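Morning, everyone. I have one structure to walk through, so let me put it up.

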Amino acid sequence: MRKGLMILAVLLFVFTVLQFWKPKEIQYSSPAKNLTNVPSEVNTILRNSCFDCHSNFVNLAWFDKITPANFIVDSHIKDGRKALNFSNWDRLDKQKQNAVMFYSFNKILLGEMPLSSYTALHPSAKLDSRSITVLKNYVKTLTARKTNPEASSVSKLKADAVHHPDKKTTDYKKVKPSLNKISYIPDFRSWKAISTTDRFDNGSMRIIYGNKTAVKAIAEHQTNPWPDGAIFAKTAWKQKTEADGSVSPGEFIQVEFMIKDSKKYESSKGWGWARWKGKDLKPYGNSASFDQECISCHSPVKNNDYVFTSPLHLDINKFNIYSKNQ
């Protein structure tokens, strides 16, 4: 009994001493101000579920301040601020703000945010269905487009008639390189589809394809950073709502490529960026510096090697990515 009490006393002493050892980085600042030009209800949701780790304001519970838990919390906060810091909101232009909001909402939809390890101890940060609906409705308004009367005939076309250009309808020898000298890659149509996205904020739907190197990296969980040689092709169509309420591909919008080569494209964050618009595959932009627009849009995910896509899990054997037919 006496031995047990001594052990307990020693542990209590060690625990007490540890409380004087705290991470210096945790700053107790005044509450972060609301995001400008964002509805109050959206601000309330973000403040409740995001700001503790994604702003300069730290609102710690009493158990978050206990050593060694505070070191874990400090690590989460530093990582969170590095990925996204809403305290820097006013420094971003409108396009970047929209990209940040869309990126953040997709992380919520994917169940990646808020972290389950955080909500387990902070249940009030969990987002209910109503909060998610509020955020979704807000994101929809960010890039609302007016209907173009001249394009109304597009809705009469069948989806297969406005699919991405193929060899039957396109002479790829006539497709000009992008303005930064990247050639069009027609073979992407035979690559694996690794993900899809529904851009309800601008009424488009997308399929992302990966070449053999990208698929191999996904199967082996080597995606941050992505290996040199990985290429993504993202095709986009306007959404077309059918009479029964279902959504199908409408008019073809564009195809974009991200080509990983850390040395060749060192000046553009390790990626070669290229985009072709419309069924005639016209190179996008007015100068070679158009890729800065791409980099700016992808900057919210710079800690994910500038890639938005969360790829579907691919089994290396199931998909036989080494097949000669790939």
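How many helices and strands does the secondary structure of the protein chain come to? The count is 9 helices and 6 strands. Helices here are DSSP runs of H or I with at least four residues, strands are E runs of at least two, and both are numbered from the N terminus.

Some ground rules. This is a predicted model, where local features need pLDDT of at least 70, side-chain atom pairs count only at pLDDT 80 or more, and totals for chains, interfaces and linings use all residues. Residues are numbered from 1 along each chain as its sequence is written, and side-chain values use heavy atoms, with hydrogens and water left out.

Two overall figures. Of the 326 residues in the protein chain, 41% count as buried. Buried means under 20% relative accessible area, exposed means over 50%, and partly exposed is in between, with a 1.4 Å probe and protein chains only. Now contacts, meaning heavy atoms within 4.5 Å. Take those between residues at least 6 apart in sequence: 64% join residues at least 24 apart.

On to helix H5, residues 94–109. It has 16 residues and reaches 23 Å from first C-alpha to last. That is close to the 22 Å expected at 1.5 Å a residue; the expected span is 1.5 Å times one less than the number of residues. Its buried residues include Met 101, Phe 102, Phe 105 and Ile 108. After H5 comes Gly 111, with a positive phi near 80 degrees.

What does H5 pack against? Helix H7, at an angle of about 150 degrees, with the axes 10 Å apart. H5 is therefore roughly antiparallel to H7. The cut-offs: under 35 degrees is roughly parallel, over 145 roughly antiparallel, 65 to 115 roughly perpendicular, and the rest oblique. Axes are lines fitted to C-alpha atoms, for helices over the stretch in contact, and angles run from 0 to 180 degrees between N-to-C directions.

The crossing of H5 and H7 is left-handed. That is, the near helix is turned anticlockwise from the far one by less than a right angle; clockwise would be right-handed. From H5, Met 101, Phe 102, Phe 105, Ile 108 and Leu 109 meet Ile 132, Leu 135, Lys 136, Tyr 138 and Val 139 of H7. By class, that contact has 9 nonpolar, no polar and 1 charged residues. Nonpolar covers Ala, Val, Leu, Ile, Met, Phe, Trp, Tyr, Cys and Pro; charged is Asp, Glu, Lys and Arg; the others, Gly among them, are polar.

H7, residues 129–141, also comes within 10 Å of H2, residues 40–49, axis to axis, and they cross at roughly 125 degrees. H2 and H7 are therefore oblique to each other. This crossing is left-handed. Glu 41, Val 42, Ile 45 and Leu 46 of H2 meet Arg 130, Ser 131, Val 134, Leu 135 and Tyr 138 of H7. The classes here are 6 nonpolar, 1 polar and 2 charged.

Last, the backbone. Most residues other than glycine have a negative phi, and most peptide bonds are trans. Asn 37 has a positive phi, near 60 degrees. It sits in the loop between H1 and H2, and counts as exposed at 68% relative accessibility. Asp 305 also has a positive phi near 60 degrees, but counts as buried at 10%. It lies in the segment after helix H9.

And where is the cis peptide bond? It joins Asn 224 and Pro 225, with omega about 5 degrees. Pro 225 is in the loop between helix H8 and strand E3.
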